[in-house]
Amino acid sequence: MAKKNKSALKEKKGVSVSEITNISSIKSIQDRRKAEIDTDTLIAKILDNDITALSRAITLIESKNSQHLEKANTIIKECLPHSNNSIRIGITGVPGVGKSTFIETFGSHLTQLGKRVAVLAIDPSSTITKGSILGDKTRMDALVKDKNAFIRPSASGESLGGVARKTRESIILCEAAGFDVIIIETVGVGQSETTVHSMVDFFLLLKLSGAGDELQGIKRGIIEMADSIAINKADGDNLKKAKIAKVEFNRALHLYPEKSSKWQPKVTICSALHNEGIDEIWDIILNYVEITKKNKYFNQKRNEQNKFWLIQTIENQLKSEFFNSPKIKKELIKQLKLIETNKTTPFTAADYLLSLT
């Protein structure tokens with residue numbers, strides 16, 4: 001008599017779909033997502049400080065769908081008169097400098113002072129898979145639970161240095177939603193500083209001591225853009241090194257010509273992990289705002305930003321229209337094949353494609 005098969009691989013009866021989920025509930029959610037987006041309602045909710053509406057609006061402006069773009073432009077236009085009432089702070093630094101920890105500690109300090117803080121964190125996208133982890137909400141666990149804080153991680157996409165293409169529009173929406181401080185975190189790969197500098201009022205550079213980073217910072221010229229340098233992780237055995245680095249950076253800053261803002265960049269030390277020196281950084285920012293508003297530089301810089309945004313928006317639109325043209329798509333494939341077989345050069349091919357527009 002044959003033995004009964006008792007293999008662990010034997011297929012067993014599974015649980016039916018109806019037992020693990022409610023199909024009607026899923027359909028209801030899908031129907032709501034497909035429902036027409038009422039821009040007037042969305043705008044009203046944003047102006048009423050509704051975080052859900054703000055998140056939905058930012059999703060719209062990040063969308064590549066042409067219908068979404070039209071709605072996003074309407075929302076931005078209506079929110080624009082209610083913007084320009086915050087302090088925009090750019091924060092950059094090499095990977096490992098502690099940007100996320102610093103932003104969480106700094107943001108929590110501001111919310112305790114009664115400020116509403118929005119963090120627009122740019123996550124680097126893979127050049128291979130185009131994917132992005134978007135892990136800032138995980139790293140800023142305490143701040144994400146703060147009712148006076150809003151954290152929005154965005155994939156950098158293919159834009160220069162990892163700065164998300166729609167960050168500027170997101171700033172406008174966050175300001176319209178009543179946020180007092182907008183923090184923009186760069187990916188910290190050394191390429192995005194210029195773009196972030198063009199969209200903020202105050203540019204904070206986080207540095208490390210004892211990591212060979214002092215001369216690197218001077219060589220790259222990032223110090224020229226910094227309104228303040230904060231040497232992070234100044235605690236424990238690293239405190240002495242941080243103080244030495246502070247002296248070195250102060251010396252370096254005096255070698256640079258005076259800024260048009262008439263502001264002398266400050267160097268300070270801090271420990272985001274132990275919440276030390278954070279209040280001093282906020283005092284530096286307030287001092288900067290007071291001085292630059294008094295000498296009219298603050299508004300002048302905002303106007304320059306708007307001009308820069310206009311030119312860059314035109315460039316992005318022209319680039320998008322060019323590569324999305326069916327004629328260009330077809331001819332581009334042909335030119336790429338000619339380049340592969342050495343029958344033309346990239347420069348000749350580019351001239352030919354541009355002549356088709």
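How many disulfides does the structure hold? The structure holds 0 disulfides (a disulfide being a pair of cysteine sulfur atoms within 2.5 Å). This is a predicted model, in which local features need pLDDT of at least 70 and side-chain atom pairs count only at pLDDT 80 or more, while totals for chains, interfaces and linings use all residues. Residues are numbered from 1 along each chain as its sequence is written, and side-chain values use heavy atoms, without hydrogens or water.

**View 1. Helices α4 and α5 pack at about 125°.** Helix α4 covers residues 51-62 and helix α5 residues 66-79. Their axes lie 8 Å apart (lines fitted to C-alpha atoms over the stretch in contact, with angles from 0 to 180 degrees between N-to-C directions). From α4, the contact (heavy atoms within 4.5 Å) is made by A57, L60 and I61. From α5, H68, K71, A72, I75 and I76 take part.

**View 2. Confidence along the protein, as pLDDT (the predictor's confidence in each residue, from 0 to 100).** The mean pLDDT is 82, and 77% of residues reach 70 or more. Confidence is highest in helix α14 (residues 278-294), at a mean of 97, and lowest in helix α1 (residues 17-20), at 45. Over residues 15-21 pLDDT stays under 50, with 3 contacts beyond four places in sequence. Where pLDDT is low, the predicted coordinates should not be read in detail.

Technical notes
Helix = DSSP H or I, 4+ residues; strand = E, 2+ residues; numbered from the N terminus.
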